[in-house]
Amino acid sequence: MSKSRKPNGSSKSDKTANAKIELLEEHVEDSTGQALTTNQGVRINDDQNSLKAGERGGTLLEDFILREKITHFDHERIPERVVHARGSGAHGYFECTEAISDLTKAQFMQKKGERTPVFVRFSTVAGSRGSTDLARDVRGFAIKFYTQEGNFDLVGNNMPVFFIQDAMKFPDLVHAVKPEPHNEIPQAASAHDTFWDFISCTPESAHMIMWVMSDRAIPRSYRMMQGFGVHTFRLVNAQGKSRFVKFHLKPKLGSHAVLWDEALRISGADPDFHRRDLYDAIEAGDFPEWEFGIQVVEEKDEHKFDFDLLDPTKLIPEELVPVKIIGKLVLDRNPDNFFAEVEQSAFHVGHLVPGLDFTNDPLLQGRLFSYTDTQLIRLGGPNFHEIPINRPIAPLHNTQRDGFMRQMINRGRVSYEPNTLANNDPHQATAKDGGFTSYAERIDASKIRGRSKSFLDHFSQAAMFFHSQTPVEQQHIIEALRFELGKVETPAVRERMLYYLSCIDDRLTKEVAETLGMKVPAKIDPPLNQIHGADEKSSEHQPKKFSGKPVLSPALSMLKTNPGVAAGRKIAILAADGCDEKAIEAVKKALLDAGVQAKVVAPHGGTIKSEGGKDIEVDHPLNTVVSALFDGVLLPGGEASTEKLAKEPLVADFLNETYKHLKAIMLCGTDADFLITTKVGKSQKNLNEPQTEPEQGVVIAMKSSALAKTSAEFIQALAAHKAWARTL
Ligand code: HDE
């Protein structure tokens, strides 16, 4: 059981915030001091041996205890999610920091300071349940708000746009990205022919491809990702006035990524890296936090943009419509049981409360069908809303009955409405009494299968995204495309992709083409994805290349928006017997004050003895970790320690890799020798006075009197996230 079941900072009077906990508490089993029983409550006397016909005889069918245990075990697995199978989650709360009753009547946004319990699940999309956290992929960011008016699920991603414009193409997209059906290869990876074949026939994916090839697809932590509702939704106020809205979550720690080389390393060294990071941070009391914001567009402005608000491959640049912060999301409690809570959580984009509504985004509309449908099979029937994690805190009263695994015991003879036998209860609620009413949008149109012409500009925002990145971020997009397309075996697929890239940016295309050893085609046959039915002409739907002046949106760059906080990071203290404990203590304190965790990594487990004879607990023996699992490294010095570390090849590997991954390095006293013996000091100008020309992100404290100043520089280097100048 996690340390505290109470949300952080909630007072006893904060009924709503605790309501979900109380609801879950009813279902929590605590076996402390209890005897083992069967599922029928019969106490078990021998849990070691099955019932046999004699000591060496066969097992008897009458052994109901063995049969029950094994049968339950045989049925422990449920189908994994068809997408977003790999994930992790946590409890917390949403706090309204600015009431927006002028914009919506949703009760949980009416009062500043009001808290609503939430459960959040983060996920990758393509990989199976057991796949690595560090796959290049979109991350799901699904939030269940347990409001007093019922559950509201915001089932979003860490990217604000999507691959396709119409739900009709979703099964195709997912089939293309999942492992190829003939050999089930590759796992949790988009770098293969079927994915790029589909993409190269689907130009509407161009914008999303820029995001997925960017470092957003390899986040440093779930705590360091933005969240987006993606689609345009509606806010509806008490007067029935509707406005368009996009939902945003901005992490307090900033948005940060790892390098691709780190992602590869982490996938081997700790495939649970993100799951562990989230769990450990919450256990340590470092509660992840996001600002919750909205972009609001008046109905009259629906057509004022040069893209369609209903098109999920487009975003509204923050420079055009600023994000207004109206709340915060805090995760402060780990689940007690992964299966019961994380695995069985069932989100649905169609779980709405009064004051919110949908738009006609054709991707959103398709999702509205899919989510209940998938839970019916995944969670075994129509009563999945009764599983504790999915139960609303708002009371349920309706005429729905029975079905597999029904938990609720409905009293009385009436299960229909209207009725007179039960006074016509449960009765309809008036809008004033919180009854949900759909926004009465005026529609006057023919029923058609088709796509609006306003959805056909596929490349302008792809180009805006690429052009808004810093040079180093652009380079990473180029390298990701070189890697992904380099893995594609079919030349025609690569060629089509090069053509689509040329519709976005010439330099990007040229650099990718060079590595692929291919020429960029000047034109290609009409895309196979016709965006229309068989009887229409493709030529009418030809996507146009981006041309003209680059439009910039600095808000799209992670580096340009780095808030410069070191908090949330984890560094390794590389030390051995004879280390300088004073340096460790001084730097560790400064780090902890800045919200940075420090773990002692030593050549052996147990404890090491410092210069002064003090026992220092070792967190990780060196052979069990790699530098990619940390954001930086501190070598505290101490003559004997330096000597021992110098003899360990793994230490040099650790330092060289930390350096290569552009991370912060702090060397103290005798450990400054590592400037000479590893790559850390290769380009130092003057080795006798290394501190005169330190490289970016490498800080050196030769004397203990320099520790305070150097620790501050170390923290600054961590806050910069990477020493980007080292790549240039
Ligand atoms: Fe999903 N999606 N999706 N999706 N989605 C699922 O529901 C689906 C889409 C997203 O942590 C499934 O319970 C269709 C966009 C997240 O449990 C499934 C379409 C966005 C999660 C499903 C989309 C998402 C899912 C699989 C196109 C970003 C994980 C298991 C019409 C806004 C939720 C499940 C969790 C999960 C269908 C497109 C986000 C099959 C048909 C766009 C975060 O129902």
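These legends describe close-up views of a predicted model.

**View 1. The iron atom of the ligand and Tyr371.** The iron atom of the ligand has Tyr371 as its only protein donor. The donor atom is OH of Tyr371, at 1.9 Å from the iron. Tyr371 belongs to helix H9, which covers residues 362-378.

**View 2. The shell of residues around the ligand.** The ligand is surrounded by 24 residues. The closest are Arg81, Arg121, Arg367, Tyr371 and Gln375. At least two shell residues come from each of strand S3 (139-147), strand S4 (150-157) and H9. Of the elements in the shell, H9 gives the most, with six residues. By class, the shell contains twelve nonpolar, nine polar and three charged residues.

View 3. In the side chain of Gln375, an N or O atom lies 2.7 Å from an oxygen atom of the ligand. Ser370 has a polar side-chain atom 3.2 Å from an oxygen atom of the ligand.

**View 4. The packing of helix H5 against helix H11.** Helix H5 spans residues 206-213 and helix H11 spans residues 471-486. The two helices pack at an angle of about 100 degrees, and their axes are 8 Å apart. H5 is therefore roughly perpendicular to H11. On the H5 side, the contact involves Ile209, Met210 and Met213. These residues meet His476, Ile477, Ala480, Leu481 and Glu484 of H11. The contact of H5 with H11 is made up of six nonpolar residues, one polar residue and one charged residue.

View 5. The bond from Glu417 to Pro418 is a cis peptide bond, with omega near 10 degrees. Pro418 sits in the loop between H9 and helix H10 (460-467). The peptide bond from Asp425 to Pro426 is also cis. Its omega is near -5 degrees. Pro426 is likewise found in the loop between H9 and H10.

**View 6. The backbone at Val230.** Val230 is a residue other than glycine with a positive phi, near 70 degrees. Val230 is placed in the loop that runs between strand S5 (227-228) and strand S6 (233-236).

Note on methods:
Residues numbered from 1 in each chain as written. Predicted model: local features only at pLDDT ≥ 70, side-chain atom pairs only at ≥ 80, totals over all residues. Heavy atoms only, no water. Donors = N, O, S within 2.8 Å, 3.2 Å for Na, K, Ca; no water. Helix = DSSP H or I, 4+ residues; strand = E, 2+ residues; numbered from the N terminus. Near = heavy atom within 4 Å. Polar contact = N/O pair within 3.5 Å; in protein donor to acceptor, adjacent residues only side chain to side chain. Nonpolar A, V, L, I, M, F, W, Y, C, P; charged D, E, K, R; others polar. Axes fitted to C-alpha atoms, helices over the stretch in contact; angles between N-to-C directions. Parallel < 35°, antiparallel > 145°, perpendicular 65-115°, else oblique. Contact = heavy atoms within 4.5 Å.
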